[in-house]
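Hello,

Here is the structure I said I would pass on. Please look it over before reading my notes.

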Amino acid sequence: MDNEQTNDSKYRERVYRIVRQIPVGHVMTYGQIAEILGEGYTPRTVGYVMHGADTQNVPWQRVINSQGACSTGKLTLPINLQQKMLEDEGIKFNEKNRCDLKTYLWLSDGFRADEENQPSLFCD
DNA sequence: AACTTGACGAGGG
DNA sequence: CCCCTCGCCAAGT
């Protein structure tokens with residue numbers, strides 16, 4: 001069997017593994033996820049990975065930018081689909097389409113990014 | 001192999 | 001608070 005596919009997607013899997021831990025009604029930012037994963041990851045690459053996310057198996061809508069807004073820009077998807085989905089989860093957005101990260105940001109106290117590489121960087 | 005493109009983010013003005 | 005610039009790094013051309 002070709003496990004090359006598995007190997008290639010490992011980079012992305014680390015991101016998805018975290019995203020799947022975000023509870024309904026909460027969000028994480030691209031930068032936050034990049035910081036947790038550490039070397040090799042940046043907010044931009046996390047965004048790139050999320051762009052290719054399997055929308056069926058990953059709660060992609062729960063990853064937003066550091067301003068508390070949806071960065072979906074010009075996707076093939078409707079511009080406000082992400083925000084709408086989050087509103088359905090109970091998240092409130094203001095007139096500038098931004099939500100309060102103080103309220104909704106998930107601090108990921110107990111997540112496991114990778115069993116062999118446990119991050120030591122938590123928000124105390 | 002070189003250059004461009006992003007679902008980003010911090011910092012300066 | 002808004003706008004611009006630059007750094008970041010995987011992927012696509």
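Predicted model: local features only at pLDDT ≥ 70, side-chain atom pairs only at ≥ 80, totals over all residues.

Residues are numbered from 1 along each chain as written, chains are lettered from A and ligands numbered from 1 in written order, and side-chain values use heavy atoms, without hydrogens or water.

DNA first. Around DNA strand B there are 14 residues (near means a heavy atom within 4 Å). Y30, G31, R44, S66 and S71 come nearest. The Y30 side chain places an N or O atom 2.7 Å from a base nitrogen of DNA strand B. The largest share, five residues, comes from α4.

Now the cores. A nonpolar core is a set of buried Ala, Val, Leu, Ile, Met, Phe, Trp, Tyr and Cys residues joined through side-chain atoms within 4.5 Å; buried means under 20% relative accessible area (1.4 Å probe, protein chains only). The largest has 19 residues, and V15, V19, I33, V46, M50 and V63 have the most contacts inside it. α3 gives the most to this core, with five residues. Beyond four places in sequence, V46 is in contact (heavy atoms within 4.5 Å) with V15, Y30, I33 and A34.

Best wishes

Conventions: Polar contact = N/O pair within 3.5 Å; in protein donor to acceptor, adjacent residues only side chain to side chain. Helix = DSSP H or I, 4+ residues; strand = E, 2+ residues; numbered from the N terminus. Buried < 20%, exposed > 50% of the residue type's maximum accessible area, 1.4 Å probe, protein only.
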